[in-house]
Amino acid sequence: MNMDVVNPELVWLDGRCYRKNPSRNNYGIVNRNSNIGDLPLKDEANQYRQCQSTPKSVLPYKEYDDSIGCDPDAPDDHIDEGCDYEIEELQGGGFRTYCQNIPNTLYAVVIGPRGAVKKRIEDETNTKITIPRINESGDIVIRGQKRQNVVRSRRRIDIITSQGRFKREATHFLCFPLNSQSIIKNVQEFKEKVLLDFKDETMGITEKLFQEPEKIHLTLCVVMLLDQNERKLATNILEQLKEKIQEIASFGILRCRLQGLEIMNDDATQANILFAKCEFQDNTVQVLANLIHQKFIETGFAKIGRSDAVKLHATLLNVRYRDSETSTEPSVGGNRAATRFVKGGSFNAQNILEKYGDYDFGFVEIKEVHISTRHTKGPDGFYNAFARIPIK
């Protein structure tokens, strides 16, 4: 049996779960690897500019499949099931809705090459879609003579922008900071010992592999927050969870012991990530991690994980740290550092595991949940956090 049928890719939108079906091109050939945002991201802005000046001609539709989870031939009496969109009935006839909370950085995936995606949605749903031009404020607006057509068009746009979002690099992450003074000290000592014993360019072990001791944390999920409005929404989501988080925490133990080393893959001679294992006296921290992760999946900011449970671990070495060189100068207009990526490879962790496999980094109390910005560094050496809540 083809496992794609029983284990399809899922997309969450506004608390609803959609199944991603394989698409077919114009020749009827099934493409199970297609994504809505198949064109390179660097071309999206050019597409957006081009469509503003190019006559609206319909091109063969090949790059995108926007029909996921939304059947244009579904019976009209079922199209509104589960729909919580605000659909306005116009005095002169017809219906209208505003696609709020869609960042303008995702408008290009709705437009498509020379407007092909937008045109196809309009034709198949019998609606008119208005998208603000570059540097214009406002929302995407959908108009149609029938309510169900406006709903269909809106659902397609939601799915397109959701998948377009995850073509981008994650901007932020939620975490439990572990940066107590004792943990920082022990991680620094571990780093010094490994470099003294095993630093070897031929084995891929260099100082740049190591996480900065002040940044040690447990990642709950990575998220894509593309503008200030989305950061406010993410902050509100975390605040809404605060009471539930503190209720769960009040009955459990939040003490974590970091002891033992492990790698993400099976071959220690070709490792990409080496991390410290976490030990807990009960499952309170795991329950909290799962709760937070699931909430951000349901709101569309995080991807569905490989399993229902978050894999809690503290990363110590990662090839991505070595393969990116981050300047100390913040970018213009923000505090995110400029990053230059350099291609690299795996490292040999076999000797590290053999000698330090049971290394004990000590205990730490988990006190807060942060939404942190990647590639940043705050005054305390940890990542800059634009939102945080106490756990107790």
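Q: How many helices and strands are there in the protein?
A: Happy to start there: this predicted model has 10 helices and 18 strands.

Q: Why are α4 and α5 called roughly antiparallel to each other?
A: The axes of helix α4 (residues 116-125) and helix α5 (residues 147-165) cross at roughly 150°. Angles over 145 degrees count as roughly antiparallel, and therefore α4 and α5 are given that description. Their axes come within 9 Å, and the crossing is right-handed.

Q: Which residues in α4 and α5 meet?
A: From α4 there are V117, I121, E124 and T125, and they meet N149, R152, S153, R156, I157 and I160 in α5. By class, the residues of this contact are four nonpolar, three polar and three charged.

Q: What makes H217 and I391 count as contacts of F176?
A: Contact means heavy atoms within 4.5 Å. Leaving aside neighbours within four places in sequence, F176 is in contact with H217 and I391, and the list also includes L218, L220, V285, L288, A289, I292, I366, E368 and V369.

Q: Where does F176 belong among the nonpolar cores?
A: F176 sits in the largest nonpolar core, which has 62 residues, and F176, F190 and F296 are those with the most contacts inside it. Apart from that core lies another, of 21 residues, with I87, F95, I121 and I140 among them.

Q: What share of the residues in the protein is buried?
A: Buried residues make up 46% of the 392 residues, where buried means under 20% relative accessible area.

Note on methods:
Residues are numbered from 1 along each chain as its sequence is written. This is a predicted model: local features need pLDDT of at least 70, side-chain atom pairs count only at pLDDT 80 or more; totals for chains, interfaces and linings use all residues. Side-chain values use heavy atoms; hydrogens and water are left out. A nonpolar core is a set of buried Ala, Val, Leu, Ile, Met, Phe, Trp, Tyr and Cys residues joined through side-chain atoms within 4.5 Å. Buried means under 20% relative accessible area, exposed over 50%, partly exposed in between (1.4 Å probe, protein chains only). Axes are lines fitted to C-alpha atoms, for helices over the stretch in contact, and angles run from 0 to 180 degrees between N-to-C directions. Helices (H or I, at least four residues) and strands (E, at least two) are DSSP runs, numbered from the N terminus. Angles under 35 degrees count as roughly parallel, over 145 as roughly antiparallel, 65 to 115 as roughly perpendicular and the rest as oblique. A crossing is left-handed if the near helix is turned anticlockwise from the far one by less than a right angle, and right-handed if clockwise. Ala, Val, Leu, Ile, Met, Phe, Trp, Tyr, Cys and Pro count as nonpolar, Asp, Glu, Lys and Arg as charged, and the others, Gly among them, as polar.
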